[in-house]
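Colleague: Could we go through this model together, one question at a time?

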Amino acid sequence: NARTIRGSGNLNYTGSLLHTGTIAPGNNNIGELTLIGNYNNGTGILDMAISSANITTGFDKLTVQGPVTASGTLQVAFVNGYNPPISQTFDLVTGTTVSGTFATTQLPTGWSAIYLSNKVQLVSSSVLPLVLVYFKGKYTGASNQLSWMVSTDGDPATTLILERSDD
């Protein structure tokens with residue numbers, strides 16, 4: 001198929017879909033397109049948009065009820081002013097299995113595609129410079145309590161407390 005497939009809903013077909021055009025879930029909005037059969041992106045473009053982290057309505061998804069062969073181009077854009085935290089991940093493509101990789105990726109700066117056995121995720125590839133502000137350990141009778149604080153460029157980023165006990 002060398003045409004554009006847009007929209008949300010199910011696309012049923014027999015056998016395999018070898019795509020050489022553009023797939024854009026959501027038809028210029030955020031949406032989920034479900035392909036019922038095998039999918040090979042071929043030399044095609046998978047065009048995805050992300051407007052929030054909401055798993056239902058926040059980002060485009062391609063769900064394949066069969067195996068996925070990643071190839072061609074993956075394009076992802078953050079839209080409507082969305083700027084996700086670096087801890088956020090997005091399951092863009094899911095299938096019974098995923099093989100291959102996209103030959104070309106056009107992704108937001110600081111983000112990468114990772115390939116798992118049954119999905120392709122968008123993840124932050126940014127590494128923050130973290131500075132350990134303090135670290136302390138305290139025995140509380142039944143457990144040891146460790147706490148520390150890290151900062152990014154002098155601004156406190158987070159405080160974490162870990163506890164371990166035998167019960």
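Colleague: Is V133 buried, exposed or partly exposed?

Modeller: This is a predicted model, in which local features need pLDDT of at least 70, side-chain atom pairs count only at pLDDT 80 or more, and totals for chains, interfaces and linings use all residues. Residues are numbered from 1 along each chain as its sequence is written, and side-chain values use heavy atoms, with hydrogens and water left out. Buried means under 20% relative accessible area and exposed over 50%, with partly exposed in between (1.4 Å probe, protein chains only). V133 has a relative accessible area of 45%, so V133 is partly exposed.

Colleague: In which strand does V133 lie?

Modeller: Strands are DSSP runs of E with at least two residues, numbered from the N terminus. The run that holds F135 spans residues 131-139, and V133 likewise lies in strand β14.

Colleague: Why does F135 count as partly exposed?

Modeller: F135 has its place in strand β14. The reason for the class is its relative accessibility, which is 48%.

Colleague: In what order do the five strands of the open sheet run?

Modeller: Two strands pair if DSSP finds at least two bridges between them. The pairing in this open sheet is parallel, and the order is β1-β3-β5-β8-β11. Its edge strands, each pairing on one side only, are β1 (4-7) and β11 (104-106).

Colleague: Which residue in β11 is the bridge partner of T73?

Modeller: Strand β8 covers residues 73-78 and pairs with β11 in the parallel sense over three bridges. The partner of T73 in β11 is T104.

Definitions and conventions: Helices (H or I, at least four residues) and strands (E, at least two) are DSSP runs, numbered from the N terminus.
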